[in-house]
Amino acid sequence: MRYYTLNNGIRSRIHRRPRRGQKGLCGGRGSYRRGLVAKDGTILGRGHNMRVQKGSATLHAEMSALENSGRLPASAYEGATMYTTLSPCDMCTGACILYKVKRVVVGENKNFMGGEEYLLNRGKEVVVLDNKECKELMEKFIKEKPELW
């Protein structure tokens, strides 16, 4: 697993996530944002956690990003990068493997450690940004909404 600071390319994709998530804390939208980007840089899908809003047990932000990408051929996902605010849970880790996502870029993994080791064991690249904004967003959410966490 590698830890990175934000470079311009990654910054443009992940740095916006906490800001949108902060709106979610106040405006009822999902707290965690995700984006799925094809190997050519095309955004395939964006999503946010909709478990509360839709009463769903499975609509995590990664699943929402996949859902919002529409029905694409398997080749469209192969080699893609999933950008996440938080480390993906086991279900979302499995979806990344199923859809042959090549890389998962994680904003922070201190508040929640998901399936990063499993991704690595399956040959996927995991990039942890250790982003201060992502950590603060999650700490605030957990403190203010423990019943949702």
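Mentor: We shall take confidence, then the overall fold, the strands, and a few individual residues.

Trainee: What is the average pLDDT of the chain?

Mentor: This is a predicted model, and the chain averages a pLDDT of 80, with 78% of the residues scoring at least 70.

Trainee: Where is confidence lowest, and where is it highest?

Mentor: Confidence is lowest in helix α2 (residues 16–27), at a mean of 40, and highest in α6, at 97. Two stretches have pLDDT under 50 throughout: residues 2–8, for which the model has 17 contacts beyond four places in sequence, and residues 13–31, for which it has 46 such contacts.

Trainee: On to the fold. How many helices and strands does the chain have?

Mentor: The chain has seven helices and six strands. Along the sequence they follow the pattern β-α-α-β-β-α-α-β-α-β-α-β-α.

Trainee: And what share of the residues is buried?

Mentor: Of the 149 residues, 48% count as buried. The chain exposes about 7,800 Å², and carbon and sulfur atoms supply 49% of that area. As for contacts between residues at least 6 apart in sequence, 53% join residues at least 24 apart.

Trainee: Let us turn to the strands. How many residues of β4 are buried?

Mentor: Six of the six residues of strand β4 (residues 81–86) are buried. β4 pairs with β5 in the parallel sense over five bridges, and M82 has V104 in β5 as its bridge partner. The chain crosses from β4 through α5 to β5 in a right-handed β-α-β crossover.

Trainee: Which strand pairs with β5 over four bridges?

Mentor: That is strand β6 (residues 125–128), which pairs with β5 (residues 103–108) in the parallel sense. R103 stands opposite E125 in β6.

Trainee: What is the handedness of the unit that β5 and β6 make with α6?

Mentor: The β-α-β unit of β5, helix α6 (residues 116–121) and β6 is right-handed.

Trainee: Why is the pair called edge-to-face rather than stacked?

Mentor: Because planes over 60 degrees apart count as edge-to-face, and those of Y77 and Y99 are at 65 degrees.

Trainee: Is Y77 buried or exposed? And what about Y99?

Mentor: Y77 is buried, with a relative accessible area of 4%. Y99 is partly exposed, with a relative accessible area of 33%.

Trainee: One more residue, H60. Where does H60 lie?

Mentor: H60 lies in the loop between β3 (43–48) and α3 (61–68). At 17% relative accessibility, H60 counts as buried, because the cut-off is under 20%.

Trainee: Which residues does H60 touch?

Mentor: Leaving aside residues up to four places away in sequence, H60 touches N49, R51, C89, M91 and C92.

Trainee: Which residues of α3 are buried?

Mentor: In α3, the residues A61, E62, S64, A65 and L66 are buried. Just after that helix, G70 takes a positive phi of about 80 degrees.

Note on methods:
Residues numbered from 1 in each chain as written. Predicted model: local features only at pLDDT ≥ 70, side-chain atom pairs only at ≥ 80, totals over all residues. Heavy atoms only, no water. Pairing = 2+ DSSP bridges. Helix = DSSP H or I, 4+ residues; strand = E, 2+ residues; numbered from the N terminus. Right-handed = clockwise from strand over helix to strand, strands pointing away. Buried < 20%, exposed > 50% of the residue type's maximum accessible area, 1.4 Å probe, protein only. Contact = heavy atoms within 4.5 Å. Areas by Shrake-Rupley, 256 points an atom, 1.4 Å probe, with all protein chains shown as cover. Phe/Tyr/Trp six-rings, centres within 6.5 Å; stacked < 30°, edge-to-face > 60°. pLDDT = per-residue confidence, 0-100.
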